[in-house]
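Please keep the sequence and the structure in view while reading.

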Amino acid sequence: MFRQTQLKLTLFFSLIMGLVICILIYSFHENLEESLVIEQEAAVLGFAEEEAFEHSIFIAHGYTINSIEQAEMNAKSNSRNMFFYVVNQEGKLINQVKAGVDMEEEFLNSLKNWPAKPGEVVVTRVGKKQIMMASMEIKGSSGVLGTVYVGRDLTSAIQLMKGWTFRLVLLGSVTLFFAIFLSYWMAFWVMVPIKEAYEKQKKFSADASHELRTPLSVIFSSIEVLEKAGEKMSPFEREVLQGLKEEACQMNQLVSDLLLLARADNPYVQQISKESIDLAKLIEKVINKLTPLAEEKGIDLTWAGESV
């Protein structure tokens, strides 16, 4: 009985700990993803603003970018894992730091139907990679001179986030294992005072049952002696003696039931059997016992029913 209760408590505590761990992992993953998105958006928009400012000067003055400057742009873009394409107001491509070969063509096709307004950041899949993209208008004194389209490959950042999430899940699994062990230990110590109280109650019931059997034996012996002298008794005395005998029998049955309950968790004790009783006869006995007390208080006890 206590073993099953302990296992149920262990399961209950483990479920609570597992739920807490899952919530923590989910919260960490969501916060990490949100932080990653915010950081990457700020980097992409900042880079787009830098390139828009630089190219506004180049376009306004008709400056041609030489190979050294282009190399510097490439190095700067590659260090930030960025690429960009610059088109003028007529839609002609005038400068670029190319994206990877596996996604350049698809990215260039997306320029024709750019999915966002200038200054807005979108995340889309290009090929097998997740790309964060943004556009920024190149403005000069005469108005809009062109547009710079910036993209950043998020594959490495996503893989890093997945790696941290996997480590956290692994740590959570180990923590859950120790939580199950801790739950089992807590359930054991929670059950200790309950088990001790139950054992004391069971011992008291068993001791009380045994102690009551001795005076009951004396009462039955006395009743048997009185029954042998039944011929000398008046009808009233015989009725009283019969009532005393019934009360003693009932008391003996209560003592037996008390002892049976004290041994109820013992698997070797015979199981309690169920049997039908005649409720009408039981009520008659109760009324007969209570009639003297009722008459003293002027109460008339009656009932109407049939035996079953």
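## The chain as a whole

The structure is a predicted model. The chain has 308 residues, of which 26% count as buried. Its secondary structure comes to 6 helices and 5 strands. In sequence order, these elements follow the pattern α-α-β-β-α-β-β-β-α-α-α.

How much area does the chain expose? The figure is about 21,600 Å², and carbon and sulfur atoms supply 61% of that area. Among the contacts in the chain with a separation of 6 or more, 59% are between residues 24 or more positions apart.

## Aromatic residues

How many aromatic pairs does the structure hold? There are 5 aromatic pairs. One of them joins F83 and Y85 in an edge-to-face arrangement, with 6.4 Å from centre to centre and 70 degrees between the planes. Both F83 and Y85 are buried.

W185 and W189 form an aromatic pair that is also described as edge-to-face, with a centre-to-centre distance of 6.2 Å and 65 degrees between the planes. The two tryptophans are 4 residues apart in helix α4, which spans residues 155–228, so about one helical turn separates W185 from W189.

The charged end of R167 sits over the ring of W164, at 5.3 Å from the ring centre. W164 and L32 are 132 residues apart in sequence, yet their C-alpha atoms are 9.1 Å apart in space.

## Charged residues

How many salt bridges are counted? The count comes to 1 salt bridge. In a salt bridge, the side chains of K139 and E137 meet at 4.0 Å, N to O. K139 is exposed, with 56% relative accessibility, whereas E137 is partly exposed at 30%.

D153 is found in strand β5, residues 143–153. Is D153 buried or exposed? D153 is buried because its relative accessible area is 13%, and the limit for buried is under 20%. Apart from neighbours within four places in sequence, D153 is in contact with N81, K129, Q130 and I131.

R125 has its place in strand β3, residues 121–126. At 48% relative accessibility, R125 counts as partly exposed. When residues up to four places away in sequence are not counted, R125 touches E106 and Q130. R125 and L154 are 29 residues apart in sequence, and the distance between their C-alpha atoms is 9.9 Å.

E227 is placed in helix α4. It is partly exposed, with a relative accessible area of 34%. Leaving aside neighbours within four places in sequence, E227 is in contact with L241 and K245. E227 and Q242 are 15 residues apart in sequence and 9.1 Å apart in space, C-alpha to C-alpha.

The table gathers the C-alpha distances mentioned above.

| Residue pair | Separation in sequence | C-alpha to C-alpha distance |
|---|---|---|
| W164 and L32 | 132 residues | 9.1 Å |
| R125 and L154 | 29 residues | 9.9 Å |
| E227 and Q242 | 15 residues | 9.1 Å |

## A nonpolar patch on the surface

Which residues form a nonpolar patch on the surface? The patch consists of I277, L279, L282, I283, V286, L290, L293, I299, L301 and W303. Together these residues have about 870 Å² of accessible area.

I277, one of the patch residues, lies in the loop between α5 (235–262) and α6 (279–296). Where does the relative accessible area of I277 place this residue, buried or exposed? I277 is exposed because its relative accessible area is 58%, and exposed means over 50%.

Notes
Residues are numbered from 1 along each chain as its sequence is written. This is a predicted model: local features need pLDDT of at least 70, side-chain atom pairs count only at pLDDT 80 or more; totals for chains, interfaces and linings use all residues. Side-chain values use heavy atoms; hydrogens and water are left out. Patches are made of residues with over 30% relative accessible area and no salt bridge: like charges are joined within 9 Å, nonpolar side chains (Val, Leu, Ile, Met, Phe, Trp, Tyr) within 5 Å. Accessible areas come from the Shrake-Rupley method with a 1.4 Å probe; for residues, only the protein chains shown count as cover. Buried means under 20% relative accessible area, exposed over 50%, partly exposed in between (1.4 Å probe, protein chains only). Rings of Phe, Tyr and Trp (its six-membered ring) pair if their centres lie within 6.5 Å; planes under 30 degrees apart count as stacked, over 60 as edge-to-face and the rest as tilted. A charge sits over a ring if NZ of Lys or CZ of Arg is within 6 Å of the ring centre and within 35 degrees of the ring normal. Contact means heavy atoms within 4.5 Å.
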